[in-house]
Amino acid sequence: MNRRAFIKNSAVLGGGMVLFSSLRIYGENPVAVPLSAYEIFRNPDAIYHPFVRWWWNGNRVQAGELVRELHLLKEAGVGGVEINPVKFPDQTDDLGVESLQWLSNEWIDMLKVACDEAKKLGMTCDLIVGSGWPFGGMFLQGDERAQMMVIGVKKLTGPMQYETSVFNLLKEADPGIQEPYPGRTPHLVGLKLVEDPLTRLEGIADISGKISGEERICVDIPKGKHALYALVRIDSFGSVINGAPGSDGSSLNHLNRPAVEKYLTRMSDAIERRIGPLSQYIRAFFVDGWELDGANWIGDMPEVFKQRNGYDIMPWLPLTMYKMGGMGSVADYHYGADMSPELRDMFNRMHYDVEVTEAEMFRDRFSIPFAGWCRKLNVLSRVQAYGRGFFPLESSFYVDIPECESWTTNFLQHRIGEEMSNEDYRRGRAYTMANKYVTSAAHLMGKRIVSAEEMTNTYRVFNMTLEFLKMGCDQNTIVGVTHSVLHGFNYSPPQAPFPGWIRYGAYYNEKNNWWPYFRYFNEYRARVCAIVQHADMYTDIAILPPLGDQWTTLGMQNEPFPPVVNAPYQTLLWEAMNKCGNGADYVSEPVIREAKVSKGRLHCGKRKYSSLFMIAVERIDPDTLAVLHEFVASGGKVFCIETFPDQSLGWNRHAERDEEVRRRVEKLKTFSDRFVLLRKPDDNDFVKWYPAIQRQHGLTPFVTIADPSPYVMANRYIRDDGAEVFFFINSHLHNDYRTTVAFPKTTVTGKYPWVWDLDTGDRYRIELDPQGAFEMYLGPVDSRVIVFDREAKGAAWRPLPVSGVNGRLLNDGWDVELRHSCEDFTEKTHFFVLDDLKNTAYADFTGTVVYTRKFHLDALPAHTAVLNLGKVWGVAEVKLNGKDCGVSWYGNRLHDLSGKLKAGRNELEVKVITTMGNYMQTLKDKNPIAQKWTARPGRAPQPKQSMGMAGPVTMYEETKI
């Protein structure tokens with residue numbers, strides 16, 4: 001049976017098409033409510049607010065504290081929790097609180113307490129499967145535990161008699177597991193002696209017969225260089241990483257369907273026997289990223305491989321493999337014997353077949369059964385459906401709520417907000433490479449709810465700011481995320497010694513200085529999600545990444561941070577499209593093969609695309625090209641970046657299929673204006689490169705941005721009522737951006753443009769010029785929502801200006817009071833000139849800095865008076881003459897002074913809430929937890945962070961309109 005036929009027969013869920021039929025779609029049409037879109041936006045329900053990952057540290061939980069923490073979260077504007085049992089943090093005082101065993105009656109009772117209280121508060125609960133990652137348990141037996149197949153190679157020169165031990169061969173193959181299971185058992189299952197270099201198949205000798213059960217192995221090495229390949233299977237190789245009591249132990253074998261179903265049923269049965277149907281308590285079961293640490297084997301894999309590929313892989317398997325390192329990543333691509341180009345191509349093709357078979361088995365034996373289990377329980381599935389060994393796009397098809405992730409770690413290491421590198425896809429981005437696959441899968445399936453683990457924090461725990469959170473979450477919205485699950489909130493009793501129980505996270509804790517202001521971010525984020533969950537993100541361009549080539553020559557990579565990819569610039573392409581007013585999704589070859597073609601559109605699931613970009617695709621299935629020929633012939637456009645395909649994928653019938661690929665490509669080349677070869681920019685500056693492609697090939701943008709910037713991105717959304725929504729962001733931490741944006745006639749005709757204020761929930765009308773354009777200004781870390789609907793009348797938009805007339809500089813002469821939040825003291829001083837606190841004697845301060853300054857006005861201003869605080873590091877709260885002037889927590893810190901100024905003497909007060917990291921570094925031996933996350937023993941300490949109000953502070957009048 002060929003692969004395509006097998007997929008058609010094996011991947012359906014009860015009948016229908018393999019990819020786009022018979023799959024439940026959560027969020028395709030959110031539950032109908034009698035509210036208008038604007039009312040939902042203005043006062044978003046808790047379901048739109050960020051959730052938090054709620055770490056039950058060591059399962060040391062008690063009912064009263066669970067209830068207290070839920071109320072704390074509710075008051076801060078958090079809409080729900082993901083209950084996540086996890087290993088108790090090291091070097092932490094447990095206060096003598098008993099650790100409950102996962103799935104014990106006592107633990108389930110605490111689960112009920114949490115879910116019941118959350119329901120009373122209008123909050124949502126999700127529950128992780130197991131604990132830690134990948135899930136498992138001490139109760140697993142035999143082949144229920146994860147297995148891996150690896151190789152070890154010894155380079156030898158003959159003639160000689162080589163004697164070694166089984167132990168030495170097993171040690172050579174050891175991949176360095178991140179969390180080894182104490183009971184792991186390696187087995188030497190095969191030996192091959194291979195000529196080096198290998199130029200003929202006859203140079204491969206199977207000497208597995210020398211494996212006799214004895215410890216010593218003797219091999220006669222002929223004259224010349226050789227490589228001795230040891231094929232090693234490791235049973236029960238890995239442990240659950242950070243597993244909580246009762247769900248720690250060996251990781252599960254996700255390739256063993258009976259074991260998967262047994263594990264899942266064991267969990268749901270235990271809970272439901274105690275408290276009744278799970279659907280009464282939780283919205284969804286959650287599975288963390290599939291970081292399986294290299295798991296790749298089960299006993300029937302050779303048989304399954306032969307059924308799916310038409311040949312036996314076992315005689316060749318060691319030659320298709322690389323040296324495996326941690327997390328299943330390749331440690332050495334040049335491990336083993338050198339090979340002739342012909343044999344390297346042969347084994348690369350076989351390697352591709354192995355990778356695809358593994359991904360299909362993970363899909364059939366884990367992804368689909370897990371989704372079915374959730375449906376049977378009448379709860380949703382929420383999954384980070386990527387890792388190593390999975391289809392990065394299609395794996396999210398089977399999930400009700402696909403999830404991806406963004407990382408705050410990158411802010412210091414990768415300078416988010418300060419650069420947008422064209423050389424390293426990670427630099428400047430909070431989102432990961434996996435995110436575009438996940439959100440594209442959601443679009444293809446018509447799913448509007450796409451969550452993100454946001455913002456994963458394993459580095460700057462005490463240095464996170466609300467401004468950084470906004471910047472990262474805004475970037476993730478551009479990728480296609482529509483809901484945030486913050487990483488994360490630690491269960492931590494208030495009596496725990498400072499700073500409390502910390503597993504990971506951005507120190508979401510009432511002891512954090514900015515906790516009282518956390519609700520400002522949560523309200524902002526809820527309004528963003530309330531908009532994008534009720535509309536479809538517009539994408540009319542498809543992108544085919546070179547996954548087939550990558551799996552052939554480099555193998556599967558560990559998502560979300562692949563250590564190597566064969567076209568490192570691929571992220572830059574969709575970003576450039578987005579920054580120039582187009583929207584794109586990733587697709588795959590199976591998606592294309594299932595597509596329907598009509599009038600120059602490629603209809604893939606719920607999407608239709610007018611153009612397809614193939615990124616450095618050298619290898620492709622002939623059936624994919626057949627669909628692309630139909631697409632191009634009907635008027636569609638295909639752009640091949642760097643190369644036209646000229647090879648097929650896989651080993652079976654490869655010569656015949658290679659020739660078919662070449663014939664089909666030659667037929668496509670006859671459409672020279674619609675099957676186009678493009679050279680990528682030499683400097684990888686796709687933002688400068690793409691506008692010329694747009695103009696030359698008629699790729700109409702949904703919005704025209706006069707001067708595209710690497711930091712400014714835009715999405716278009718279409719609501720069910722026909723209204724259109726545009727979301728713009730500027731993700732530069734320091735620089736603002738001003739440009740002209742123009743909307744097409746199809747957008748502006750019969751509709752009126754509004755700015756919906758994401759901070760206040762208010763809305764204002766704006767006017768466009770006759771060309772449908774207006775001048776848009778975005779401050780640092782700013783965002784803007786523009787809605788085109790049929791409501792015509794409303795108040796005009798008049799944002800506070802960043803400059804004006806009759807300006808006055810207030811940068812000197814400030815009295816300063818420093819109120820320490822962690823030590824019982826207050827210090828008063830005077831700043832002759834404002835400066836970043838890290839440049840002063842107060843670099844190690846943490847708490848609230850109160851800046852006070854008096855000034856005199858001869859007369860009240862004729863127009864609106866504005867206070868511009870300049871650069872502020874932290875949350876700012878302003879009062880003038882004792883009257884509240886508001887809170888600013890990101891970007892331009894502008895405050896309206898209307899009605900608060902008076903002629904004569906005025907007193908201005910600015911409170912700035914600082915981060916805590918600089919202070920935590922000073923605790924040294926006093927506080928090992930603080931040291932772990934800031935001074936970082938054994939690693940470079942975090943650099944000092946900026947804090948306070950650096951200015952320049954100015955006051956001016958709005959220019960008369």
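**Reading a predicted model, feature by feature**

Analyst: Buried means under 20% relative accessible area, exposed over 50%, and partly exposed in between, using a 1.4 Å probe and protein chains only. The model is a predicted one, in which local features need pLDDT of at least 70 and side-chain atom pairs count only at pLDDT 80 or more, while totals for chains, interfaces and linings use all residues. Residues are numbered from 1 along each chain as its sequence is written, and side-chain values use heavy atoms, leaving out hydrogens and water.

User: Which peptide bond into P159 do we have, cis or trans?

Analyst: The bond from G158 to P159 is cis, with omega near 5°, and P159 is part of strand β5 (residues 147–165). Another cis bond runs from H487 to G488, with omega near -10°; G488 is in strand β16.

User: How do I read the sides of a helix? Which residues of α3 are buried?

Analyst: The general idea is that an α-helix has 3.6 residues a turn, so residues three or four places apart point the same way. In α3, the buried residues are E65, L66, E69, L70, L72 and L73. They lie on the same side of α3 because they cover an arc of only 160° around the axis, the arc being that of the directions from the helix axis to the C-beta atoms. On the other side of α3, G64 and E75 are exposed. The buried residues of α3 pack against β1 (51–57), β2 (80–86), α4 (105–120) and β16 (483–490).

User: At what angle do α12 and α13 pack?

Analyst: Two packed helices are described by the angle between their axes and the distance between the axes. Helix α12 (residues 466–479) and helix α13 (residues 518–532) pack at about 10°, with axes 10 Å apart. Axes are lines fitted to C-alpha atoms, for helices over the stretch in contact, and angles run from 0 to 180 degrees between N-to-C directions. The two helices are therefore roughly parallel to each other, a label for angles under 35 degrees. Residues that meet there include L469 and C473 in α12, and F521 and Y524 in α13, where contact means heavy atoms within 4.5 Å.

User: How many of the 15 residues of α13 are buried?

Analyst: 12 of the 15 are buried, so α13 is largely enclosed by the rest of the structure. Among them are F518, N522, R525 and I531.

User: How many residues does the largest nonpolar core have?

Analyst: A nonpolar core is a set of buried Ala, Val, Leu, Ile, Met, Phe, Trp, Tyr and Cys residues joined through side-chain atoms within 4.5 Å. The largest one has 220 residues, and F285 and F613 have the most contacts inside it. Helix α9 (residues 341–377) gives the most to this core, with 14 residues. A second, separate core of 30 residues includes L869, C885, V912 and V953.

Key
Helices (H or I, at least four residues) and strands (E, at least two) are DSSP runs, numbered from the N terminus. Angles under 35 degrees count as roughly parallel, over 145 as roughly antiparallel, 65 to 115 as roughly perpendicular and the rest as oblique.
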